[in-house]
Amino acid sequence: MGEYAVETQLRELRAEARGAIALAECLAALQELEVKYLGRRARLTTMLRSLGQMPAGERPRLGQLANEVRRELESLLEARRTQLASGQAESELVGERLDVTLPGVAAKPGKVHPLMRVWRDVEETFVSMGFEVVDGREVETDFFNFEALNVPQDHPARDMQDSFYVGEDIVLRTQTSPVQIRTMRRMTPRTPVRLVHPGRVFRRGDDDMTHSPMFHQVECLYVDKGIGLTHLKGVLLAFARSFFGPETEVRMRPSYFPFTEPSAEVDVSCPWCHGSGCRICKGTGWIEILGAGMVHPNVLRYGGYDPDLVTGFAFGMGLDRLAQMRYGIDHVRLMFANDLRMLRQV
Amino acid sequence: MRVSLEWLSEYVDIPDERSLRRELFARLEMAGLAIDAVHDLGAGAAGIWAGQVRSIEPHPQAAQLRLVELDLGPHGRTMVVSGAVNYRVGQMVPVVVPGGRLPGGQAIETAKIQGVVSAGMMCSPAELGMGEGPEAREGILILAADVAPGTDCVSLLGLCDQVLELDLTPNYAVFCQSMLGVAREVAALTGGALREPAVYPDELAGPLSSARRRQVAVGAAARLASVEIADPELCPRYSGALFADVAIDRAPWWMQRRLIAAGMRPINKIVDITNYVMLELGQPLHAFDLDKIVDGRAIVRRATSGERLRTLDGVERDLPEGALLIADPSGPIALAGVMGGAHSEVTAETKRVFLESASFARTSVRRTSRRLGLRSEASSRFEKGFDPALTVRALERASELMSALGGGTRIEGVIDVVARPIAPLEIAAKVPYLRTLLGVDLAGGEMAALLERLGIGAKVVDDGATEAIEAVVPTRRLDIEGPADIGEEIARAYGYDRLEVALPDGPMPAASLPKSRVAILRGQRPLLGAGLHEMVTFAYHSPAEFDRLRLPADHPWRRAIEIVNPMSDEQGVLRTSLVPNIVKVAGYNAGHGVLDQRLFEFGRVYLPSALPLHELPEEPWRCAILVMGRAEGAGGWQRPEPPADFYTLKGLVERLLDEMAIRGSAFRPVELPLAHPGRTAALELAGERLGWLGELHPEVAEAYELPQRAYVAEIDWDKIMVNSAQPPVFAGLPRFPVLERDLAFVVPLGLPAADLMATIREAGGTLLEQVELFDVYEGQQVALGHRSLAFGLRLRAPDRTLTDDTADHICSQIVAAVAELGGHLRS
């Protein structure tokens, strides 16, 4: 074989291999081409082996060309292999396609009871304002529930709070206010006393859409030197804005509670209609949320403080109605029925 | 308290315009007079004119009807058909013309009655809303003769009236349970003039009245009747006036209309006048038939045991011993301040009346009224208290009305026994104290002026050291007792709406939550995460739940505190466990088609130290869990989870314990009456019971109509709080590799897995880092009465790489230890 023929063969071989590699459809075919063009019995291999028989002057040039062809074919094979491999992986992934619109799979978490969510929000708001949240008992003596709160026997205010009796002078507390006395007695003579106490209370009486014999209140008490009605208004406003929203206004109206003097009924501007009037505020733009006032001197005395030295304010707010309003629960019975169809919704 | 504005305007100006009225109402509310409702009486009444009867002709077709021609002045003449017969030619009657409307809303049109056109209708008092009963329905209202034909009867008769329904707080009730009291507040708020009904020349009348102890009986009255107060504590004052020739007929329509507007029923002239004066001034009066009082002697004393009285409502009552009553020498004739006796009641035969006007102690009236379950307009006024200086004034006012309305002739003289002196209260309040209390920087003089506006005498005194307000409180303001009340009056007059907003200054103390709350908030987390919904149930339940839960008579849960006065059986006992209510909730939900349930509650139980209750009970916190059926959404369409079983519940309890860092707790089989005997465990920590968990007994599940197996746990949360360990400390990452070995043991069925695991741990020693059970097999491949438990063991040394030899050695130690329990490696 002459040198010219060798060179031609190499070029033809290269052209042929280029075409074959480009046309190879799968990795197996490519493997065959690799054997065919670069294998031990391939023409190129034989030709390289037979280079020794070529004239010495031509050997380097032909050797270089043969090696060039070999390298080119190697790299073409590699490139095509990568190309084919990725295409194959791609098509395999296509086979793994999912219906991404099917629902996800995870256990649904449970929900906190709507009342307890309001409880928590109130608690958090007051903690952020520097109040100590205290615990308090639910079965109380007549003394702590009434006497020490300036409601002696036969006081007409007892009609406002008909109580459940469980023993001689032992009642289910009708209000969260007994914690005022218990906390003051624990604290005296230190000031300030700043407490908040959410808890459950019980009253005999109506059992209807808005009244349940068991319900919940949050009590707040602030006793210190120099405390006045304007402080009460300030703390109420701060609370209302934090709880109902920054636009909220508060309004105080004179009222009566045996354990406060002066006493006030407190309204907030309706958080749902912002005062323009809606179903929830019955068109008035205001919602009555709590009773408040300056701690009655007799109550301070029962708590172990001298009303000539300190003054204080207190208020009590119903939690159930807040939860009812917030979550649109029209009947208070639903609050304690624990109907899962409701609990899952709200 | 119902306040007719038509009536009220007799004492103070009330604007007619709606918008001005609304402003007034808002002002009253801002002053603390809560308005529950505003009733529009006679709204829409129109076209009712005074008509003079010109002629009366028989109806051509119907003998019982008449044709009446009426002169309506500027509104012309009309002809109406009427069935009534109580009017004569020349008299003045109200006529509603076609197109007009009655106060009740009924529209009147021209109608043909038995073939004759009737253009309008003459009105009866009942049709005008001015009276009740047959008399008010059967006759036409006859107007005063001097009314001009065509006069608008709607305004003439006050048919369009607004009635305020006031919700009086106990302090307001003291001085606002009367028209005059409300008028006085309105006058103070609007600056309007107060027009008091005629004031009589009596030293006790007037705003700052006082009376010394005295016994007055003057004139002819003194010879016919007498009053003795045997109990000055309960009856500080008792006054009386006598009337002869009394006429027991009806009161005039205007008075009846006002009584109806106030929510009372007109009875007869005498009773109506007493009620009218009570509503006007606030002083209840009671009319006795003087001739039924033995010797005319009224004795105010307490009931002795065994005394009885038939009250006005016809009920024969056993009088509670000590109840205050009015008696004559023969026995009780009235329950003081509550209700009169039937025997001395004013009847059609009554000729002479003894009118009582007295002050009774609030507590006495309240107690008697409560004990007998008997309430009246009078008793509610006495219970709340009112001006003790009113008695004689009220008698004089009644006397004036009696004479003006032809009710009877006053027998000259009055009886007035003042057993305890009445005097205005004097209160000194320091100005700096008031300033602090209100947070308003008012001068003493300004405070005094505000008090004066409310009718409270006030002057500023300054002893050089402090300025003070010296207030003289009129007797009608029994609600004012001390300096703080003076503060409230100043604030009320100043206006709560004018108060500034301030925040307390001073150091901010550390705010915190109580331990119980922190623990509950922590405990909630794993339960919520596992899909459990939080419940809030009642603190009480029916004792019948104990039976439904199969609890034997001596079961500790039955040692529950009973509510003495429940409203229903549902409030029978305070709960001693959360379980009865949580199971009830599950039954309720199942009854509403919710079969899959995941619930928990943190709540208190009430544990008495002894019963009946003499000491306050313990109120520990508990946590209860109930699972039944499948979890919501778990596994979804992919791997539907099996319904909850014991291990689902146990897993939840374990997560809870883990969250609360309870270390070393153990579960032991236990039997409870309400639970499945083979599927219940006690939760223990160092030998102490922390709670229990298990499947509800099938009978209990049936009793509560639970459709599938339910699993319940109750945990003593107070003990969890006490035993909750500190959060774990990071021990560093492991430095040497782990060796893993799997061992499967065949053990007798009776061997608890916990014992086997404890043995493995003990035998494995400190190098055994973790033991995990991964398979439990019972069946043909192991011997009968045995099961196979397979464990994955992780072995690691803290200071070196373990060799296979060491691991094998540990495993053989474990195998040997298990062998002692009767177990062997599964081949």
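This is a predicted model: local features need pLDDT of at least 70, side-chain atom pairs count only at pLDDT 80 or more; totals for chains, interfaces and linings use all residues.
Tutor: Residues are numbered from 1 along each chain as its sequence is written, and chains are lettered from A and ligands numbered from 1 in the order in which they are written.

Student: How many helices and strands does chain A have?

Tutor: Chain A has 13 helices and ten strands. Those are DSSP runs, numbered from the N terminus: helices are H or I with at least four residues, strands are E with at least two.

Student: What makes chain A more spread out than a compact globule?

Tutor: Its radius of gyration, taken over C-alpha atoms, gets set against the globule rule, 2.2 Å times the number of residues to the power 0.38. For 346 residues the rule gives 20 Å, but chain A comes out at 44 Å, well over that, so we call it more spread out. The C-alpha atoms fill a box of roughly 135 × 45 × 45 Å along the principal axes.

Student: How do you know that the span of H4(A) is close to what's expected?

Tutor: The expected span is 1.5 Å times one less than the number of residues. H4(A), residues 59–95, has 37 residues, and its 53 Å from first C-alpha to last is close to the expected 54 Å.

Student: Why is H5(A) called roughly perpendicular to H11(A)?

Tutor: Their axes cross at roughly 110° and come within 9 Å. Axes are lines fitted to C-alpha atoms, for helices over the stretch in contact, with angles from 0 to 180 degrees between N-to-C directions. Under 35 degrees is roughly parallel, over 145 roughly antiparallel, 65 to 115 roughly perpendicular, and the rest oblique. That makes this pair roughly perpendicular.

Student: What makes Val295(A) buried?

Tutor: A residue is buried with 20 or more other C-beta atoms within 10 Å of its own, exposed with 12 or fewer, and partly exposed in between, with C-beta atoms placed from the backbone. Val295(A) has 28, so it's buried. It is found in strand E9 of chain A.
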